[in-house]
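Here is a short walk through one protein model. Start at a single residue, then step back to the whole chain.

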Amino acid sequence: MAKRTAKTTHKQYEIYVKYLEDCSFLRTGKTAPDKEHNNEIWKKLTLELNSTGVGPSRNVEAWKKNETGGGLGTEKFLTSLELQLISLLGLICIEGINVPEL
């Protein structure tokens, strides 16, 4: 049986969203010319996420790959944190772009 990993906690998501607000390269995926600066931001973010005392503890690469999963439910209301995240990332990131199939 595969080992289950701990789910990211609300507190960890709050920290992550704060970093998204402050560091545009985390939102866009585009790295600045100063890759070392970006790496330092990821190290600092990882340290904060892992030091909450609850939730998973991951390395930088694992946090970069972390996915929220689940998608938007039709019967669920979004939390203020989720709404804040959508305002930063935009709906295209959440819903995708409607393109005709060829």
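Thr9 is buried, with a relative accessible area of 17%. Keep in mind that the model is predicted. Thr9 sits in the segment before helix 1. Set aside its neighbours within four places in sequence, and Thr9 is in contact with Val54 and Gly55.

Now move into the helix. Helix 1 covers residues 10-22, and Gln12 is part of it. Is Gln12 buried or exposed? Gln12 counts as buried, because its relative accessibility is 1% and the cut-off for buried is under 20%.

What does the side chain of Gln12 reach? It reaches the backbone oxygen of Leu49, at 2.9 Å. Leu49 is also among the residues that Gln12 touches, not counting residues up to four places away in sequence.

Step back to the whole protein. It has 6 helices and 0 strands. From the N terminus on, the elements run α-α-α-α-α-α. How much of the protein is buried? Buried residues make up 22% of its 102 residues.

Contacts across the sequence come next. Take the contacts with a separation of 6 or more: residues 24 or more positions apart account for 57% of them. Last, the surface. The protein exposes about 8,200 Å². Carbon and sulfur atoms supply 55% of that area.

Conventions:
Residues are numbered from 1 along each chain as its sequence is written. This is a predicted model: local features need pLDDT of at least 70, side-chain atom pairs count only at pLDDT 80 or more; totals for chains, interfaces and linings use all residues. Side-chain values use heavy atoms; hydrogens and water are left out. Helices (H or I, at least four residues) and strands (E, at least two) are DSSP runs, numbered from the N terminus. Buried means under 20% relative accessible area, exposed over 50%, partly exposed in between (1.4 Å probe, protein chains only). A polar contact is a pair of N or O atoms within 3.5 Å; within protein, one must be able to donate a hydrogen and the other to accept it, and residues adjacent in sequence count only if both atoms are side-chain atoms. Contact means heavy atoms within 4.5 Å. Accessible areas come from the Shrake-Rupley method with a 1.4 Å probe; for residues, only the protein chains shown count as cover.
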